[in-house]
Amino acid sequence: CDPSARGTATRQAPATTRPSSSMSQVWRKHGIVPVADVSLFDATDVASILVASDGLWDVFSSDDAALYVQSRRLFRPTNSPSDISKKLAERAANVGSRDDISVALILLDR
């Protein structure tokens, strides 16, 4: 998988990112497959990356979440990624998400 290639490519994680064999056995016993799903993409024109759990995506579309992040950065430029993430999670809860909500925002253009 060539990291310089445009688009998204998925491959198996290198051995250094795999869990130990003893942990793999414990996880498999409980139905968990301990293999990382790694994706590479070209982030040349990307300003931020938003990673979130189903609790956010159940009530926000990707476009709505991106617009929310962009507006927070435009109108409140002193907000940290942590501040924006917390507000986005609070908003998801306020509009009715019934799942747990985890949000992580990575800003690439600052």
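Predicted model: local features only at pLDDT ≥ 70, side-chain atom pairs only at ≥ 80, totals over all residues.
Residues are numbered from 1 along each chain as its sequence is written, and side-chain values use heavy atoms, leaving out hydrogens and water. Local features need pLDDT of at least 70 and side-chain atom pairs count only at pLDDT 80 or more, while totals for chains, interfaces and linings use all residues.

Helix α4 spans residues 81–94 (helices are DSSP runs of H or I with at least four residues, strands are runs of E with at least two, and both are numbered from the N terminus). Its buried residues (under 20% relative accessible area with a 1.4 Å probe, protein chains only) are Ile-84, Ser-85, Leu-88, Ala-89 and Ala-92. Seen down the axis of α4, these fall within an arc of 135 degrees (taken from the directions from the helix axis to the C-beta atoms), so they line one face of the helix. The cover over the buried residues of α4 includes β3, α2 (54–57), α3 and β4 (103–107). On the face turned away from the buried side sit Lys-86 and Asn-94, both exposed (over 50% relative accessible area). After α4 comes Gly-96, with a positive phi near 110 degrees.

Turning to the pocket, 13 residues line the largest one (an open set of points on a 1 Å grid over the protein atoms alone, with protein on both sides within 12 Å along at least five of seven lines; lining residues have an atom within 4 Å of a point). Ser-48, Leu-50, Ser-62, Ala-65 and Ala-66 lie nearest its centre. Two or more lining residues come from each of β3 (48–52) and α3 (62–75), and α3 gives the most, with 6 residues.

Conventions:
1 Å grid on protein atoms, 1.4 Å probe; cavity = no way out; pocket = protein on both sides within 12 Å on 5 of 7 lines; lining within 4 Å. Expected span 1.5 Å × (residues − 1). Contact = heavy atoms within 4.5 Å.
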